[in-house]
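Please look over the sequence and the model shown here before reading on.

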Amino acid sequence: MWLNPANPQLNKNGELHHLLSLEGLPAEVLRQILDTATSFVGITQREVKKVPLLRGKAVFNLFFEPSTRTRTTFEIAAKRLSADVINLAINVSSQSKGETVLDTVANLAAMQADMFIVRHAASGAPYLIARHVGPDIHVINAGDGRHAHPTQGLLDMYTIRHYKGDFTKLRVAIVGDVLHSRVARSQIHALTTLGCPEIRVIGPRTLLPVAVERLGVQVHYDMREGLKDVDVVMMLRLQNERMNGALLPSAQEFYKYYGLTEDKLDLAKPDAIVLHPGPMNRGVEIDSSVADGRQSVILPQVTFGIAIRMAVMSILAGN
Amino acid sequence: MPANPLPDAEQLLASLTDRMRPVVGPDTGLVGIHTGGVWLAERLHKSLGITLPLGTLDVSFYRDDFSRKGLRRNVKSSDIPFDIDGCAVVIVDDVLYTGRTIRAAMNELFDYGRPASIRLAALVDRGGRELPISADFVGAAMTVAAGENIELTRDANNRLALQLEKG
């Protein structure tokens with residue numbers, strides 16, 4: 001096997017071959033991605049917003065679960081690297097005719113794919129695909145089940161570093177539906193690896209995973225207490241479509257206790273920044289005055305997300 | 001330690017500056033290639049009295065060996081803080097060898113706009129070209145064995161020096 005058995009995203013030289021999860025990736029690899037993304041940010045301000053790095057490569061967006069923003073930013077990133085992009089919304093095509101995931105992927109590989117961007121409702125699906133593709137094909141996890149969303153975690157790290165600099169002096173709060181959130185897991189792994197000394201997760205008991213403190217985070221059920229003196233507030237989306245009732249009395253009650261309002265944000269440091277992975281539920285997990293307020297960096301996150309995805313794709317394609 | 005067999009970089013820079021002076025004006029678009037070319041361009045920008053801000057290029061995203069070598073670590077940002085359209089540009093690099101870096105730099109510049117002209121200044125021309133590219137201004141031409149590399153270094157006092165690296 002040419003992949004590293006201990007971490008199947010790395011090749012034998014310890015270089016990134018697939019991006020499946022931020023868990024277990026060395027700080028050096030994370031920093032290389034963030035640094036490379038910095039160089040890509042300027043390209044979007046030029047007359048020609050493209051570089052020729054992936055010219056002639058075929059990037060397949062394989063979305064087994066609907067997504068607009070993530071799919072679009074991957075598509076833009078691939079196009080700015082001069083790759084050819086093919087978008088497949090699989091929930092409405094072959095799968096409904098009974099084809100297995102691996103058969104779908106094998107067929108696309110036979111069409112000379114170079115890279116698969118995979119979004120799937122089942123945790124681990126990108127690993128399954130990565131194990132079955134040839135050695136010249138790279139797989140990027142664009143969100144699998146409740147497990148991981150590594151490029152979202154990376155763009156959040158990029159955003160924090162852009163506004164706050166050094167991770168080793170920061171107090172970060174992650175607020176909301178941690179239980180169903182692949183974003184939160186990726187954020188916690190990345191923050192830990194990059195040396196963030198204090199990560200707090202804030203949410204109701206029913207929306208925090210059992211034993212989440214084993215990830216090295218502090219747990220707060222009271223949002224006002226949890227937000228005290230933090231530098232960064234990372235809001236999570238309330239995963240309405242995944243909740244089959246029971247976990248919450250109502251969205252209104254959630255907003256009352258865990259919605260980010262101006263008066264709650266006032267408990268954080270005055271220069272604290274507010275992140276949200278989108279799409280936002282205004283009036284559920286975040287108030288409009290905060291989402292559009294001076295501390296919000298939610299739209300820059302989207303812009304940086306393109307540069308991060310360009311960096312990941314170009315690093316993988318070169319390894 | 002054996003004596004450095006290479007010429008003094010500061011002297012080469014002085015003669016390169018003299019050669020460029022008659023042709024360069026305050027509106028010349030000076031663009032240094034990371035990293036050695038940027039050091040030289042900073043010095044030239046000052047001594048030649050250029051008023052247009054200095055541009056820098058990292059050609060990593062345009063290299064022709066990406067598919068063989070992958071992306072270099074520590075890629076720097078390219079920054080062209082002036083309008084390339086209609087500008088007389090001088091690209092500055094430390095060592096001119098195969099010409100592939102300059103090819104990549106010209107391709108990148110054209111993604112910023114259409115310059116009126118592009119000229120090339122190099123501190124050292126070591127021969128060995130693989131593309132039809134030549135420098136307009138050269139500090140010195142010299143021959144170096146194919147396995148060896150010339151590197152420009154800069155010390156804490158911003159003094160430049162050339163080092164020979166055996167491959």
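**Helices and sheets in chains A and B**

In chain B, residues B:Leu13, B:Thr17 and B:Met20 of α1(B) meet B:Leu40, B:Arg43, B:Leu44 and B:Ser47 of α2(B). By class, this contact of α1(B) with α2(B) comprises four nonpolar, two polar and one charged residues. The model is a predicted one. Helix α1 (residues 9–20) of chain B packs against α2(B) at an angle of about 50°, and the two axes are 11 Å apart. The crossing of α1(B) and α2(B) is right-handed.

The next element to consider is the sheet of chain B. It is an open sheet of five strands in the order β2-β1-β3-β4-β5 (chain B), and the pairing is parallel. Strands β2 (55–57) and β5 (137–141) of chain B stand at the edges; each has a single partner strand, so one side of each is left without a neighbour in the sheet. On average, neighbouring strands of this sheet are turned by 25° against each other, direction ignored. Within the sheet, strand β1 (residues 29–33) of chain B and strand β3 (residues 88–96) of chain B pair in the parallel sense over four bridges. Here B:Gly32 stands opposite B:Val92 in β3(B).

Helix α2 (residues 36–47) of chain B packs on this sheet and touches β1, β2, β3 and β4 (117–125) of chain B. The direction of α2(B) makes about 150° with that of β1(B). Helix α4 (residues 100–110) of chain B also lies across β1, β2, β3 and β4 of chain B, and α4(B) runs at about 155° to β3(B).

B:Phe82 is found in the loop between α3 (66–69) and β3 of chain B. Leaving aside neighbours within four places in sequence, B:Phe82 is in contact with B:Gly29, B:Leu52, B:Pro53, B:Gly55 and B:Cys87. The C-alpha atoms of B:Phe82 and B:Tyr112 are separated by 9.6 Å, and these two residues are 30 residues apart along the chain.

An open sheet of four strands has the order β2-β1-β3-β4 (chain A), with parallel pairing. Its edge strands are β2 (84–89) and β4 (138–144) of chain A, each of which pairs on one side only. From one strand to the next, the twist averages 15°. Strand β1 (residues 58–63) of chain A pairs with strand β3 (residues 115–120) of chain A in the parallel sense over five bridges, and the bridge partner of A:Leu62 in β3(A) is A:Val118.

Strand β8 (residues 232–235) of chain A has pairings with two strands described here. Strand β5 (residues 171–175) of chain A and β8(A) pair in the parallel sense over four bridges, with A:Ile174 opposite A:Met234 in β8(A). β8(A) and strand β9 (residues 273–275) of chain A likewise pair in the parallel sense, over three bridges, with A:Val233 opposite A:Val274 in β9(A). A:Val232 and A:Met234 point one way from β8(A), A:Val233 and A:Met235 point the other way, and all are buried.

Helix packing in chain A involves helix α2 (residues 69–80) of chain A and helix α11 (residues 298–318) of chain A, whose axes come within 8 Å and cross at roughly 55°. That makes α2(A) oblique to α11(A). The crossing in which α2(A) passes α11(A) is right-handed. The contact is made by A:Thr73, A:Phe74, A:Ile76, A:Ala77, A:Ala78 and A:Arg80 of α2(A) and by A:Val302, A:Gly305, A:Ile306, A:Arg309, A:Met310 and A:Met313 of α11(A). These residues divide into eight nonpolar, two polar and two charged.

Finally, the two chains meet: 16 residues of chain A are in contact with 16 residues of chain B. On the side of chain A that touches chain B, the elements that give two or more residues are α1 (27–41) and α11 of chain A. The largest share of that side, five residues, comes from α1(A). By class, the residues of the side of chain A that touches chain B divide into five nonpolar, eight polar and three charged.

Key
Residues are numbered from 1 along each chain as its sequence is written. Chains are lettered from A and ligands numbered from 1 in the order in which they are written. This is a predicted model: local features need pLDDT of at least 70, side-chain atom pairs count only at pLDDT 80 or more; totals for chains, interfaces and linings use all residues. Axes are lines fitted to C-alpha atoms, for helices over the stretch in contact, and angles run from 0 to 180 degrees between N-to-C directions. Angles under 35 degrees count as roughly parallel, over 145 as roughly antiparallel, 65 to 115 as roughly perpendicular and the rest as oblique. A crossing is left-handed if the near helix is turned anticlockwise from the far one by less than a right angle, and right-handed if clockwise. Two residues are in contact if their C-beta atoms, placed from the backbone, lie within 7 Å. Ala, Val, Leu, Ile, Met, Phe, Trp, Tyr, Cys and Pro count as nonpolar, Asp, Glu, Lys and Arg as charged, and the others, Gly among them, as polar. Two strands pair if DSSP finds at least two bridges between them. A residue is buried if 20 or more other C-beta atoms lie within 10 Å of its own, exposed if 12 or fewer, and partly exposed in between; C-beta atoms are placed from the backbone.
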